Amino acid sequence: LVCPHTGQRRELRRMAGTNPVALACRASERLNTRMLDPTISIRSADIADMTAVGDIVAESWRQTFLGLLPQDVLSSITPEAQKARHERTFVRDGVRYHVASKAGEVIGFASWGPGRDPIFSVGNELYAIYLRPKYERQGIGRLLFESVSADVAASGYPGFYLTALEMNPNRAFYARLGGIEADAPNILLGGTNYGQVGFVWRFAQ
């Protein structure tokens, strides 16, 4: 077994079944053998990609949470506001963005960096992972996750976490990727507190 991220055969054999990165690499190989569309690729983002990132976030929230969150909350998540928000995040120390592109169009992204909540001891946070809705359930989100996992591991960190709304209909995706559920603080949206759930990934030592 050769990891497409590291090219290391022996390490994967030793770690398989215990390390999220090893599992991610195995999944990546399986995906690549049947994969989707040869025009889809994962790469590091640059600041110019934040326009597409803003569009993707707004489109994803409006489709995913339609009927679950008040319309005024969804209407406030505009492409312009999200572009500006992610431009500010992009330039912070330690923050990295990965994008999925198809024939030159950005169709999804993931971002990670220093954790924002001290209750999680792994130190790093997967801030976001989003796809344009028409590209969901095609294995692309998993590839973005794998790319982040490999990046965090290569940076020498012990793991990472993310938080998601309890009502998120896609939260099972994180459990399928090996995330361990954990308590997370509520989040304030439109003046109302909403429950969240955390997912944690720890790398084997």
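Is helix H6 mostly covered or mostly uncovered, and how many of its 15 residues are buried? In this predicted model, twelve of the 15 residues of H6 are buried, and the helix is mostly covered. The buried set consists of Ile140, Gly141, Leu143, Leu144, Phe145, Glu146, Ser147, Val148, Ser149, Ala150, Asp151 and Val152. The distance from the first C-alpha of H6 to its last is 21 Å, close to the 21 Å expected at 1.5 Å a residue. H6 is followed by Gly156, which has a positive phi near 90°.

The largest nonpolar core comprises 23 residues, of which Leu126, Ile140, Phe145, Phe160, Leu162, Tyr174 and Trp201 touch the most other members. Two or more residues of this core are given by each of strand S3 (105-114), S4, H6, S5 and strand S9 (196-202). H6 provides the largest share, five residues. In soluble globular proteins, nonpolar side chains tend to be buried together.

Strand S9 was examined next. Six of the seven residues of S9 are buried, so the strand is largely enclosed by the rest of the structure. Its pairing with S5 is antiparallel and runs over seven bridges, with Thr163 opposite Gly198 in S9. S9 also pairs with strand S6 (residues 180-183), again in the antiparallel sense, over four bridges. In that region Ile180 stands opposite Val200 of S9.

The analysis then turned to open space. Rolling a probe the size of a water molecule over the atoms shows where empty space is left. The largest pocket has a volume of about 1,200 Å³. It is lined by 47 residues, and those closest to its centre are Trp61, Ile129, Tyr130, Asn168 and Tyr174. At least two lining residues come from each of helix H3 (50-64), helix H4 (71-76), helix H5 (79-90), strand S4 (124-131), helix H6 (140-154), strand S5 (159-165), helix H7 (172-176) and strand S7 (187-189). S4 supplies the largest share of the lining, seven residues. Classified by residue type, the lining of the largest pocket holds 25 nonpolar, 14 polar and eight charged residues.

Positive phi values were also found in residues other than glycine. Ala103 has a phi near 50° and lies in the loop between strand S2 (96-102) and S3. With a relative accessible area of 69%, Ala103 is exposed, because the cut-off for that class is over 50%. Arg137, with a phi near 60°, is located in the loop between S4 and H6. Its relative accessible area is 73%, so Arg137 is likewise classed as exposed.

Note on methods
Residues are numbered from 1 along each chain as its sequence is written. This is a predicted model: local features need pLDDT of at least 70, side-chain atom pairs count only at pLDDT 80 or more; totals for chains, interfaces and linings use all residues. Side-chain values use heavy atoms; hydrogens and water are left out. On a 1 Å grid over the protein atoms alone, a cavity is a set of points where a 1.4 Å probe fits but cannot get out, and a pocket is an open set with protein on both sides within 12 Å along at least five of seven lines; lining residues have an atom within 4 Å of a point. Grid points are joined across faces, edges and corners, and a volume is the space filled by probe spheres set on the points. Ala, Val, Leu, Ile, Met, Phe, Trp, Tyr, Cys and Pro count as nonpolar, Asp, Glu, Lys and Arg as charged, and the others, Gly among them, as polar. A nonpolar core is a set of buried Ala, Val, Leu, Ile, Met, Phe, Trp, Tyr and Cys residues joined through side-chain atoms within 4.5 Å. Buried means under 20% relative accessible area, exposed over 50%, partly exposed in between (1.4 Å probe, protein chains only). Two strands pair if DSSP finds at least two bridges between them. The expected span of a helix is 1.5 Å times one less than its number of residues.
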